[in-house]
Amino acid sequence: IARRQELQFDYLSTFDAETPRRHRVAPYLVFFRPEGHGYLDATLLEATPAGSETPRSAIHYRLDRIVPGSARVLPTMLPPQRVAAPSYTLRYRLLPVVARRRDVAVCFPNTQIDYHDDGSATVSATITNLWQTRQVLLRYGTACEVLGPPELVELFRATAAGLGKMYGAGAQE
């Protein structure tokens, strides 16, 4: 990180079955979250084989999921400024049970909240990380309907389908 050079490593994410994938990244920071995990904040440059990650997106890689001994500093220098991640316009609707007091939390940059007569609210904002946005919005449970961007709607569909299989009618313990 201090040398401002690209980094390459094999990474086994939660969504990779048993085979790690090679990631080439622009590393920027190591940090620790209260739950005790350490993370590398990096911009994804390339993943091989390709996965669902968006190139140039900011990703927080869990340090303990980087395959030991696989990290390699590459000779390519990082640009003076961090490469901008793709940005998206987020839109979601909150049901009255969450929005009726008109004190909706502002969780994203450029947030605008439009409250409606029925007590619901439509929220729009700018985001750069679809996965983290999904994590934040899941806290609302069924009181939140994601309207866009399409990529985030698809993430929610996949999450809902997975939860439906796990908890749907006839689910076994």
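Visitor: Is Arg 56 buried, exposed or partly exposed, and why?
Guide: Arg 56 counts as partly exposed, because its relative accessibility is 42%. The model is a predicted one, by the way.

Visitor: Where does Arg 56 sit?
Guide: Look in the loop between S3 and S4.

Visitor: What about the phi of Arg 56?
Guide: Phi is positive there, about 75 degrees, although Arg 56 is not a glycine. Arg 4 also has a positive phi, near 55 degrees, and Arg 4 is not a glycine either.

Visitor: And where is Arg 4?
Guide: Arg 4 is in the segment before strand S1, which covers 5–11. Its relative accessible area is 31%, so Arg 4 is partly exposed.

Visitor: What kind of peptide bond joins Gly 148 and Pro 149?
Guide: A cis one, with omega about 5 degrees. Pro 149 lies in the loop between strand S9 (144–148) and H3.

Visitor: New topic. Which strands make up the open sheet, and in what order?
Guide: Four strands, in the order S7-S8-S6-S9. Their pairing is antiparallel.

Visitor: Which strands stand at the edges?
Guide: Strand S7 (112–115) and S9 do. Each has a single partner strand, so one side of each has no neighbour in the sheet.

Visitor: How much are neighbouring strands turned against each other?
Guide: By 20 degrees on average, ignoring direction.

Visitor: Pick a pair. How many bridges link S6 and S8?
Guide: Seven bridges. Strand S6 spans residues 88–94 and strand S8 spans residues 121–127, and they pair in the antiparallel sense. As an example, Arg 91 has Ser 124 in S8 as its bridge partner.

Visitor: Which strands does H2 touch?
Guide: H2 packs on the sheet and touches S6, S8 and S9. Its direction makes about 15 degrees with that of S6.

Visitor: What does H3 lie across?
Guide: H3 lies across S6, S8 and S9. H3 runs at about 140 degrees to S9.

Visitor: At what angle do H2 and H3 pack?
Guide: Helix H2, residues 130–137, packs with H3 at about 55 degrees. Their axes are 10 Å apart.

Visitor: Is the crossing left-handed or right-handed?
Guide: H2 passes H3 in a right-handed crossing.

Visitor: Which residues meet there?
Guide: On the H2 side, Leu 130, Trp 131, Thr 133, Arg 134 and Leu 137 take part. They meet Glu 151, Leu 152, Leu 155, Phe 156 and Thr 159 in H3. The residues of this contact divide into six nonpolar, two polar and two charged.

Visitor: Take Thr 159. Why does Thr 159 count as buried?
Guide: Its relative accessibility is 16%, and buried means under 20%, so Thr 159 counts as buried. Thr 159 lies in helix H3, residues 150–167.

Terms used. Residues are numbered from 1 along each chain as its sequence is written. This is a predicted model: local features need pLDDT of at least 70, side-chain atom pairs count only at pLDDT 80 or more; totals for chains, interfaces and linings use all residues. Side-chain values use heavy atoms; hydrogens and water are left out. Helices (H or I, at least four residues) and strands (E, at least two) are DSSP runs, numbered from the N terminus. Buried means under 20% relative accessible area, exposed over 50%, partly exposed in between (1.4 Å probe, protein chains only). Axes are lines fitted to C-alpha atoms, for helices over the stretch in contact, and angles run from 0 to 180 degrees between N-to-C directions. A crossing is left-handed if the near helix is turned anticlockwise from the far one by less than a right angle, and right-handed if clockwise. Contact means heavy atoms within 4.5 Å. Ala, Val, Leu, Ile, Met, Phe, Trp, Tyr, Cys and Pro count as nonpolar, Asp, Glu, Lys and Arg as charged, and the others, Gly among them, as polar. Two strands pair if DSSP finds at least two bridges between them.
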